[in-house]
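This report describes one protein structure, from single residues up to the whole fold. Please keep the sequence and the model open while reading.

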Amino acid sequence: MTTRMFGEPIQRREDPRLLAGRGRYLDDLGHGALAAAFVRSPHAHARVLDIDVTDALDVDGLVAIYTYEDLPERVADPLPLLIPHPALTHGRTGYPLANGIVRHVGEPVAMVVATDPYVAEDIVDLIQVNFEPLPAVVGIENAVRAERLVHDDVPGNVGAHLVQEVGDAPLAVDTAPHRLEFRLDIERSASTPLEGRGVYARPDASDGSIRVYSSTQTSTSVRFAIAAKLGLPATKVEVIAPDVGGGFGVKIVHPWPEEILVSWAARVLGREVKWAEDRREHFVSSAHERGQVQFVRVGFDDEGRVLGLDVRFLHDHGAYTPYGIIVPIITSTQLLGPYKVGAYRAEFTSLYTNTVIVTPYRGAGRPQGVFCMERTMDRIAEHLGRDRAEVRSANFIQPHEFPYDQGLVFQDGRPLIYDSGNYPEALEKVKEMIGWDEFPGRQEKAAAQGRRLGIGLACYVEGTGVGPYEGGHVQVDSAGRVHVSTGLTSQGQGHGTVFAQIVAEELGVPIDAVEVTTGDTRRFSYAVGTFASRAAVLSGNAIALACRRLREKALRIAGEALEADPGDLEIVDGIVRVVGNPRTAIPLRTVAVLANPLRYAFDEEAVRATQFARSSGDDGPPVPEDDEPGLEGRDYYSPVRSTFASGMHAAVVEVDPDTAEVRILRYAVVHDCGRMINPTIVEGQVHGGVAQGIAGALYERMAYDESGQLLNASFMDFLMPYATEIPRITTGHLETPSPLNPLGIKGAGEAGVIPVSAVIASAIEDAEGIRIARMPISPDELFWLRRRAETGEVERTGVVKSDRAP
């Protein structure tokens with residue numbers, strides 16, 4: 001078997017186990033555990049006056065009922081604000097159980113523990129909570145008006161306000177030859193992974209420890225959070241992420257109230273306790289994202305070059321801010337995309353509303369930023385009567401200009417400096433793939449047949465691989481198996497395949513000999529988590545560095561055994577051999593034996609490591625002072641700043657002239673994530689992201705009424721695309737290696753979703769000749785937009801009369 005694995009499109013190694021039903025997800029565990037269930041608020045804003053549990057006390061199977069007053073001091077404290085920021089002047093977080101007031105539908109008020117989940121849910125229905133409803137703040141416009149407050153001590157409902165700027169953008173806009181001003185809207189959506197949240201806790205009374213299984217994107221951080229809340233040393237807490245059925249960002253939040261409460265109850269009761277979220281709970285008590293209103297002023301020259309861009313936007317962060325203001329920071333910085341703008345100013349206000357919290361969802365602020373910038377590029381092209389691709393090309397950063405400093409501070413607190421890319425080549429490639437230059441003729445023919453076709457284009461740059469660090473540990477055992485562990489978690493990305501490919505390449509071993517473990521604090525204690533397209537960049541490089549440590553030791557030990565210079569040795573298919581003389585060789589498994597001096601032999605192979613099998617003439621210690629037993633390596637990778645992947649998407653759509661239904665006929669993607677470890681997995685990530693992007697452009701939205709009730713909190717009402725709505729996606733790749741890390745890689749996990757709303761809006765607008773300034777867009781909305789255009793409320797040039805920023 002070849003050991004050249006890096007860059008090979010091998011099949012995912014995880015799939016046979018999962019497809020055969022041998023996966024172990026959270027709810028597959030703990031069948032004998034007690035079950036937790038939660039009384040949740042039916043009101044968006046209310047005082048909790050009284051909780052009456054009388055009717056529940058005599059139910060067979062009841063174990064315990066807890067309200068806020070039952071919680072000890074640390075558990076009762078507010079949940080942590082995970083990412084503080086100086087601009088977040090009024091950060092607020094909730095309590096594990098409501099402390100006298102609720103601020104969104106679905107907020108937990110009481111916890112029930114019972115012998116099984118059905119009994120627990122029945123008991124929940126018997127608990128009577130007396131609420132005093134309060135006026136709710138729903139929607140960005142109501143939050144801005146601040147006639148009502150979500151938090152009495154937060155003036156104007158403003159949690160944060162931040163300005164970043166380079167140059168004098170207002171002046172550059174005002175003095176530019178051409179100027180435009182307009183408003184854009186993006187509505188709320190949510191991750192909706194196949195598997196909701198869940199936690200299962202197993203206490204050990206004999207030593208006071210606890211093992212917690214959580215469907216999380218960050219097991220090590222959950223571990224430290226539980227330890228802090230329960231007053232335990234971290235060494236007494238183990239957290240394991242089993243198979244996780246999707247995350248997409250919502251499971252990076254930690255600790256969720258349920259993770260703390262279930263762990264605490266398990267220790268108090270001395271019993272195993274489990275909670276698995278149902279679908280409605282996920283809609284009303286986890287997290288959403290996307291909702292923004294954007295006001296754009298742009299000035300440009302006759303060629304379409306942007307001289308000044310002044311963007312102000314309002315961001316809805318829901319009832320609390322546990323994850324800080326990362327999402328709007330990303331929007332404000334990633335909005336610039338692959339362009340060099342003469343002067344830039346981004347100002348955002350992040351607002352409280354009586355709705356579910358807003359935390360990163362795949363793309364994490366980038367789809368909103370790209371929608372803003374790409375709609376701006378289309379407006380410029382229309383204003384000048386120029387080709388949309390030409391206008392983009394006129395603004396591109398050129399390949400020779402890297403590294404390119406945008407002059408802003410990114411979400412990791414580091415400078416926004418693009419490391420590498422080739423945007424002109426990506427544009428030419430995607431134009432060829434979609435048939436851009438030939439499309440006007442095709443569009444004209446279709447129009448003659450009564451069909452409405454349109455084509456759209458969007459570009460993006462994605463900051464990936466944010467710090468602070470990840471680590472990797474690699475060990476070769478005496479059977480030649482290679483055990484790899486890293487602390488971040490997996491939710492379907494194919495980590496078990498790509499990390500094994502890195503190890504096989506670095507160590508020269510068969511990939512079938514490599515076993516990968518992620519998200520288990522027993523195997524790796526220090527990590528940050530899986531988010532921001534960082535797993536391959538951070539853990540991939542850490543594992544590669546660990547392999548290099550191991551390889552250096554293996555060659556030294558093998559050199560001693562073979563009486564050869566380590567520099568003359570290579571490892572091929574798990575055999576260490578002399579270059580040019582493959583018969584002079586030693587298996588890596590034997591090197592692993594020799595790396596661990598033994599007193600006792602357990603098998604024939606181990607005899608070679610015992611004291612009487614070694615040379616008696618060696619006066620040094622069996623383990624040198626600067627060494628340690630075993631054939632293993634551990635290392636960490638901490639980036640100086642983020643790497644920046646990029647891409648271009650294009651689509652052809654057809655809009656039904658009667659029903660306004662949008663059908664995507666063709667979709668093309670060109671993506672650059674540096675050196676690809678596995679092209680097949682990269683394409684899978686891109687395709688999955690495009691599917692979610694199409695969902696966000698045409699189907700998915702969170703529909704709240706004025707009282708804060710989520711009207712579509714079920715899969716009956718929350719629209720998602722079927723496979724029939726997702727087109728065949730043509731994918732092309734560029735590889736501009738990152739100079740910032742040893743492997744030259746960038747992230748790929750979120751790329752597919754980022755520009756899709758902008759692409760689809762551009763294509764619909766091209767088909768209809770009507771301005772598309774709000775996403776998602778439904779057939780009903782497009783139908784009425786046509787009617788408004790017919791009456792003159794929406795001009796055929798696409799400018800809505802009331803769309804100027806106040």
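## H495 and its surroundings

The side chains of H495 and S490 form a polar contact at 2.6 Å; the term means a pair of N or O atoms within 3.5 Å, where within protein one atom must be able to donate a hydrogen and the other to accept it, and residues adjacent in sequence count only if both atoms are side-chain atoms. The model is predicted, so local features need pLDDT of at least 70 and side-chain atom pairs count only at pLDDT 80 or more, while totals for chains, interfaces and linings use all residues. Residues are numbered from 1 along each chain as its sequence is written, and side-chain values use heavy atoms, with hydrogens and water left out.

H495 belongs to helix α14 (residues 495-507); helices (H or I, at least four residues) and strands (E, at least two) are DSSP runs numbered from the N terminus. With a relative accessible area of 4%, H495 is buried. Buried stands for under 20% relative accessible area, exposed for over 50%, and partly exposed for values in between (1.4 Å probe, protein chains only). Leaving aside residues up to four places away in sequence, H495 touches several residues, among them E14, L488, V516 and T530; contact means heavy atoms within 4.5 Å.

T331 sits in helix α9 (residues 326-334) and is buried, its relative accessible area being 0%. Residues up to four places away in sequence aside, T331 touches Q292, Q294, F313, G365, Q368 and G369.

Helix α17 (residues 679-698) has 20 residues and reaches 28 Å from its first C-alpha to its last, close to the 28 Å expected at 1.5 Å a residue. That expected span is 1.5 Å times one less than the number of residues.

## Strand β1

Strand β1 (residues 34-40) is largely enclosed by the rest of the structure, because 7 of its 7 residues are buried. L34, A36, F38 and R40 point one way from β1, and A35, A37 and V39 point the other way. Two strands pair if DSSP finds at least two bridges between them. The pairings of β1 are listed here.

| Partner strand | Sense | Bridges |
|---|---|---|
| β12 (residues 273-276) | parallel | 2 bridges |
| β5 (residues 108-114) | antiparallel | 6 bridges |

A35 has K274 as its bridge partner in β12, and F38 has M111 in β5.

## Backbone exceptions

Most residues other than glycine have a negative phi, and most peptide bonds are trans. H254 and P255 are joined by a cis peptide bond with omega of about -15°, and P255 is in the loop between β11 (237-240) and α7 (257-269). The bond from M775 to P776 is also cis, with omega near 0°.

A532 is not a glycine, yet has a positive phi of about 55°; at 11% relative accessibility, A532 counts as buried. D573, likewise not a glycine, has a positive phi of about 50°. At 31% relative accessibility, D573 counts as partly exposed.

## Whole protein

The protein has 19 helices and 29 strands. Buried residues make up 60% of its 806 residues. Of the contacts with a separation of 6 or more, 80% come from residues 24 or more positions apart. The C-alpha trace spans about 100 × 75 × 50 Å along its principal axes.
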